[in-house]
Amino acid sequence: MKTYYFDHSASTPPYESVIRAVAELMAEHYANPSALHRAGTDAGKLVERARTAIASLLGAAPSEVVFTSGGTESNNLAMKGILGQTGRKGKHLITTAIEHSSVHATAKQLESEGVRVTYLMPDAQGRIAAADVASAIAEDTALVSVMHVNNETGALQPIDEIGELLRDHPRIRFHVDGVQAVGKVPFDWARSRADLYSASAHKFRGPRGAGFLLVREGLKLRPLLAGGGQESDARSGTHNLPGIVGMAQALRLALESMPERRSRMYELRRRLLAYAKDISELVLNSPEDERVASPQIVNLSYPGMRPEVLLHMLEEHGVLVSTQSACSSKSLKPSRVLMAMGLGEARGAGSIRISFGDEHAAEDIDTLAERLRMTVAKLKPLERD
């Protein structure tokens, strides 16, 4: 049976050319990029070439690109790097109730260490209002952290509006979790008002274990890791050369093809939403309006049905989807994001996330809809009261 992989928001299949490049680098450039001999300096040059390429693609300076192991580390470094600085007077964080677990858990950890945290609530479409950010600003506010694209619903957050209003508060730093946005949603660092922007390679068909944090020129972070002082002392540890170079290559391919892919994925999204409307048991949790929705994520609920039951029955028919985000999928609790949206426990506890990728075509959506309809019909007698 053919497998249909609709879980691109959890992880994407790497480009074939990236797989080949990573394998070649592992075989031929295994020297430590920090070593002083020729093999080390050659490896170091490849790291810097990748840094320059990523910076150019996103409108940043090479010195603004800090390599990390992925989105979780980038988010932790951004938040703790600002709020964990010794002697900082500002100890107030503004974030949202719908952030990825790596931001939400970091906020909770900082809160336990004495940082005052304001969690902004979204509307029923899963969007934060920029005006609510403005209202939450206080004398001691040091950081605002708001995601670009919600990882469960695909809702776009108003990061440009938030950035503009923060121009009047130069002491406040602005962090954006861009993990679900890179390669799917247009972003220009040079025009952005963000001070920190997180990304992860395996979300845009790059290798796992590689990511980056864009850090505005002149902004100093307290490092999470003490060690050899790599990344201008921001992130110690031996550079993951194959991952870094593979990430740069994947980013170039993703951005070059983004306009065409966005258009195609929005078409697939419309097709799926039309099918979903004909399955009365299913409720849409993602924004229907494409102006405030990313193209690749659709979140649906089957109220009264546990999502893992729906997920595994779809899997029996060759369709792979997820519940909540991959990092929270083993939790049996209702989705924190959907609950914050005010959608209720039945929808929050019965949601699945469908996320598209480059390989999908209209026929794949037809197959998904057919098997989704068949699965729902089989499960209907098992609905919980």
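Start by selecting Glu48, Arg51 and Glu231: salt bridges link these residues in a network. Keep in mind that this is a predicted model. Side chains of opposite charge can pair when their charged atoms come close. Three individual pairs come next.

**Stop one: glutamate 164 and arginine 167**

Select glutamate 164 together with arginine 167. Their side chains meet in a salt bridge, at 3.3 Å from N to O. Color by accessibility here. Glutamate 164 is partly exposed, at 41% relative accessibility. Arginine 167 is also partly exposed, with a relative accessible area of 49%.

**Stop two: aspartate 195 and arginine 173**

Now select aspartate 195 and show its partner, arginine 173. The two form a salt bridge, and their closest N and O atoms are 3.7 Å apart. Arginine 173 sits in strand S6 (173-177), while aspartate 195 lies in the loop between that strand and strand S7 (196-200), so the pair ties together parts that are 22 residues apart in sequence. Is aspartate 195 buried or exposed? Aspartate 195 counts as buried, at 11% relative accessibility; the cut-off for buried is under 20%. Arginine 173, with a relative accessible area of 27%, is partly exposed.

**Stop three: lysine 380 and glutamate 281**

Move on to lysine 380 and glutamate 281. This salt bridge has its closest N and O atoms 3.6 Å apart. Which parts does the pair tie together? Lysine 380 lies in the segment after helix H11 (362-379), and glutamate 281 in the loop between helix H7 (241-277) and strand S9 (283-284), so the linked parts are 99 residues apart in sequence. Glutamate 281 counts as buried, at 18% relative accessibility. Lysine 380 is partly exposed, with a relative accessible area of 42%.

**Stop four: helices H8 and H11**

H8 and H11 pack at an angle of about 125 degrees, with their axes 10 Å apart. That angle makes H8 oblique to H11. The crossing of H8 past H11 is right-handed.

Show side chains at the contact. From H8, pick Val309, Leu310, Met313 and Leu314. From H11, pick Arg371, Leu372, Thr375, Val376, Lys378 and Leu379. What classes of residue make up this contact? Seven are nonpolar, one is polar and two are charged.

Definitions and conventions: Residues are numbered from 1 along each chain as its sequence is written. This is a predicted model: local features need pLDDT of at least 70, side-chain atom pairs count only at pLDDT 80 or more; totals for chains, interfaces and linings use all residues. Side-chain values use heavy atoms; hydrogens and water are left out. A salt bridge is a side-chain nitrogen of Lys or Arg within 4 Å of a carboxyl oxygen of Asp or Glu. Buried means under 20% relative accessible area, exposed over 50%, partly exposed in between (1.4 Å probe, protein chains only). Helices (H or I, at least four residues) and strands (E, at least two) are DSSP runs, numbered from the N terminus. Axes are lines fitted to C-alpha atoms, for helices over the stretch in contact, and angles run from 0 to 180 degrees between N-to-C directions. Angles under 35 degrees count as roughly parallel, over 145 as roughly antiparallel, 65 to 115 as roughly perpendicular and the rest as oblique. A crossing is left-handed if the near helix is turned anticlockwise from the far one by less than a right angle, and right-handed if clockwise. Contact means heavy atoms within 4.5 Å. Ala, Val, Leu, Ile, Met, Phe, Trp, Tyr, Cys and Pro count as nonpolar, Asp, Glu, Lys and Arg as charged, and the others, Gly among them, as polar.
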